[in-house]
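My entries follow in the order in which I looked.

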Amino acid sequence: MSVKDIIYAITKGTFDSIKGIYWLFTLDSLQQKAHQERTQFRQLNRTNRSPLHINKEEPRLLKRVLQCCSLNGLVFAASVIIFNKLVLPLLKIILMMLFDSTTELWYWLELCLQLTFGSLWIIPLYILSGAVNSLWFQDIGTLAYRYSIGRPKGLPNLSTLLADNLFSILIQLLFLIQAKLVMYIPIPILNQSLFMFHMCLFYSLYSFEYKWIQMGWPLHQRLSYLETNWPYFIGFGLPLSFITWWPSDWVISGCCFSIVFPLFIISGNGADAVTVSGNHPLQLFSIVVGISNIIFKKSIVRPQHPKNIVQQHQPSRPKMKR
């Protein structure tokens, strides 16, 4: 694989990732058209008095994206910014007007206010928004796949789907830990570059998983495809990596991710990855896959039945001589 091919794949991936807004309005118009056709079909059947089973109406794609922006931007991020940039400075000015020496007093008061705000607002809202976001992300991924590709195939059965999701979550968690460990390399430019390299692949995997799972791809096939065509996925995850890396506050960084991530899910469904023949896989997930296999093998070992244990440890009776 030549340098020219790598640059082209990275550029193509970056360009495809920022097309989420275009795909959002395109797919939303297709969904609205399909909704109108279903409505006309129902009205026609009512006129003919034909029995018709009415399914629950699917959520609108644009509405789900706006809900993610409202919850994570207008509610979560705005409350944190208002508290840090408006409430705390205002209280400090009032305290300085009332007292002469406020350095030590303000230190303890600010610490108590931040702990109270974090425990009573940030942590509960973070947990709630995480659960709600996961449901909305799934709706967005399903709708984007349905109106850009077609009917989802999915994995064979429920047990396979649950095992695949659990294994995928564990691998993503271990891969994040691996990315954090890379930051401890004592070479400033190298550790930052490797960290961004990891995060680009991580965000690309997270964005395309909604598409690949509904295509029926198991986890090993998804990881192999990602590692083989790594230049494209480096470019695809690059904008989201910069967006989440820029804020210094981890809460604001998480809010930025939740606001723009739906657009990357939609972009992943409409994108075609650049595949180059003769490319060598990176094998960046080999360590975390090996650790995950060890964890799962130890966790699924079935304990012996108590009856069998008793039989094994039961002393043998001596044979009587006749």
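**Salt bridges.** I began with the charged pairs and found that the structure holds 7 salt bridges, taking a salt bridge as a side-chain nitrogen of Lys or Arg within 4 Å of a carboxyl oxygen of Asp or Glu. I noted that this is a predicted model, in which local features need pLDDT of at least 70 and side-chain atom pairs count only at pLDDT 80 or more, while totals for chains, interfaces and linings use all residues. Residues are numbered from 1 along each chain as its sequence is written, and side-chain values use heavy atoms, with hydrogens and water left out.

I looked up R38 and E58, whose side chains meet in a salt bridge at 3.5 Å, N to O. Because R38 lies in helix α2 (residues 20-47) and E58 in the loop between α2 and α3 (61-98), the pair ties together parts that are 20 residues apart in sequence; helices here are DSSP runs of H or I with at least four residues, numbered from the N terminus. E58 also meets R146 in a salt bridge, at 2.5 Å, N to O. This second pair links the loop between α2 and α3 with R146 in helix α4 (residues 103-148), 88 residues apart.

For burial I used relative accessible area with a 1.4 Å probe and protein chains only: buried is under 20%, exposed is over 50%, and partly exposed is in between. E58 is buried at 18%, whereas R38 is partly exposed at 27% and R146 is partly exposed at 36%.

**D164 and R222.** I then turned to the salt bridge between the side chains of D164 and R222, at 2.8 Å, N to O. D164 sits in helix α5 (residues 158-182) and R222 in helix α7 (residues 219-228), 58 residues apart. Both D164 and R222 are buried.

**Nonpolar cores.** I took a nonpolar core as a set of buried Ala, Val, Leu, Ile, Met, Phe, Trp, Tyr and Cys residues joined through side-chain atoms within 4.5 Å. The largest has 54 residues, and those with the most contacts inside it are Y232, F233, F261, I266 and F285. Helix α6 gives the most to this core, with 10 residues.

A second, separate core has 13 residues, including V80, F83, L88 and V251.

Definitions and conventions:
Helices (H or I, at least four residues) and strands (E, at least two) are DSSP runs, numbered from the N terminus.
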